[in-house]
Amino acid sequence: MDQVDLGRFVHLTKHKYRKQLKELKRLVREDAFRVDESTKVSDKSVYKYWTQRKSIFSVFGGKPLYLTRELWFSITPEAVARFTAQFIRSCLPQATTVLDVFCGGGGNLIQFAMFFPTVYGVDFSMEHLYCAYRNAKAYDVEDRIWLKYGDWNRLARKGRFEKLGVDCVFASPPWGGPNYLKRAVFDVETQLEPLGLREMLKGFLRVSSNVAMFLPRNSNLSQISQITRELLGEGAKCKVLYVKIGPYLKGILCLWGEPFYDYQCAAVDEEVPAPKEELDY
Ligand SMILES: C[S@@+](CC[C@H](N)C(=O)[O-])C[C@H]1O[C@@H](n2cnc3c(N)ncnc32)[C@H](O)[C@@H]1O
């Protein structure tokens, strides 16, 4: 197929995925969701994100990028994704394989691929997987990624990924839209999608003992610590990092796994300029 290596889309040529394959072919043919400097953004709610497009993907302008409307709001900004990948790399220097469970348009996936040779991305939106592939191409890392179409709940129930030797599971699950800030405290059991933290974490720990999740800044930390003890035992810990761009707190990075606990200080390779206005993700 023109410009797309189907081999990167795990199992997609199997008969049971014929609908998804057809959709992918259509998206490629139409060059769907392409955004470049000449794109007119008429949707007011997207315009705010458009003005800060370089903080989403620094290669914007030089290369076309691919974003659905939902991705404009939900993609992880590059500086946050880069910090996350670098931090995990520093804690797991021997690691080769990362699984990004809700990979969306590839914000995190691409940065993981900069630091790890094999990165699996899962998403139940074919449009998002297509965008992730296109965006990974813009960063020349498409030969390090493997994209799996599917609902994580089903894949987890079937024990997929459990025997693949994944060194770290990463997840940036949906936070339920911008309303996540409306309540003072974000309930990680009832507000996270598609499952509460307990069930989600249980599934991730079956794949790897090292797990990282990007969660809202107002997440209930007592809930997180209680769930950690329930699943991993009384003395168990969850390391929480507050991730900022300039003065703006973008979210918290929660880490479970021995290699993360004693790591004192992550090296960030560059000072990232803060956006003029805060964007809610
Ligand atoms: C917050 S976005 C992830 C953004 C991503 N880290 C990035 O930088 O582009 C969440 C993604 O999870 C996907 N998703 C939601 N529920 C899912 C499920 N049950 N199984 C697989 N993917 C799911 C959505 O389609 C969306 O792309």
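Leu109, Ile110 and Ala113 of H6 make the contact with Ala132, Asn135 and Ala136 of H7 (residues are in contact if their C-beta atoms, placed from the backbone, lie within 7 Å). Sorted by class, this contact has five nonpolar, one polar and no charged residues. Here Ala, Val, Leu, Ile, Met, Phe, Trp, Tyr, Cys and Pro count as nonpolar, Asp, Glu, Lys and Arg as charged, and the others, Gly among them, as polar. The axes of H6 and H7 are 9 Å apart, and the helices pack at an angle of about 40°, which makes H6 oblique to H7. Angles under 35 degrees count as roughly parallel, over 145 as roughly antiparallel, 65 to 115 as roughly perpendicular, and the rest as oblique. The axes themselves are lines fitted to C-alpha atoms, for helices over the stretch in contact, with angles from 0 to 180 degrees between N-to-C directions.

A word on reading the model. It is a predicted one: local features need pLDDT of at least 70 and side-chain atom pairs count only at pLDDT 80 or more, while totals for chains, interfaces and linings use all residues. Residue numbers start from 1 along each chain as its sequence is written. Helices (H or I, at least four residues) and strands (E, at least two) are DSSP runs, numbered from the N terminus.

Staying with H6 (residues 107-115), eight of its nine residues are buried, so this helix is largely enclosed by the rest of the structure. A residue is buried if 20 or more other C-beta atoms lie within 10 Å of its own, exposed if 12 or fewer, and partly exposed in between. The buried residues of H6 are Gly107, Asn108, Leu109, Ile110, Gln111, Phe112, Ala113 and Phe115. What covers them includes helix H5 (78-91), H7 and the strands E4, E5, E6 and E7.

Those strands belong to an open sheet. Eight strands form it with mixed pairing, in the order E1-E6-E5-E4-E7-E8-E10-E9. Strand E1 (9-10) and strand E9 (239-245) stand at the edges with a single partner strand each, so one side of each has no neighbour in the sheet. Helix H7 (residues 126-138) packs on this sheet, where it touches E1, strand E5 (118-123) and strand E6 (145-149), and its direction makes about 170° with that of E6. Helix H9 (residues 197-207) also packs on the sheet, touching strand E4 (97-100), strand E7 (168-171) and strand E8 (211-215), with its direction at about 150° to that of E7.

Now follow the strands from E4 onwards. Strands count as paired if DSSP finds at least two bridges between them. E4 and E7 run parallel and are joined by three bridges, with Leu99 opposite Val169 in E7. E7 and E8 are also parallel, again with three bridges, and here Phe170 stands opposite Ala212 in E8. Within E7, Cys168 and Phe170 point one way, Val169 and Ala171 point the other way, and all are buried.

Seven bridges connect E9 to E10 (residues 248-256) in an antiparallel arrangement, and Ile245 stands opposite Tyr248 in E10. E9 and E10 form a hairpin with two residues between them, and Gly246 in the turn has a positive phi of about 55°.

Finally, come back to H9 and its helix neighbour. The axes of H9 and helix H10 (residues 221-232) come within 10 Å and cross at roughly 45°, and these helices are therefore oblique to each other. H9 passes H10 in a right-handed crossing. In H9, Leu197, Arg198, Leu201, Lys202 and Leu205 meet Ile224, Ile227 and Leu231 of H10. That contact has six nonpolar, no polar and two charged residues. Leu195 lies in the loop between E7 and H9 and counts as partly exposed because it has 16 C-beta neighbours inside 10 Å. Apart from neighbours within four places in sequence, Leu195 is in contact with Asn153 and Met200.

Note on methods. Two residues are in contact if their C-beta atoms, placed from the backbone, lie within 7 Å. A crossing is left-handed if the near helix is turned anticlockwise from the far one by less than a right angle, and right-handed if clockwise.
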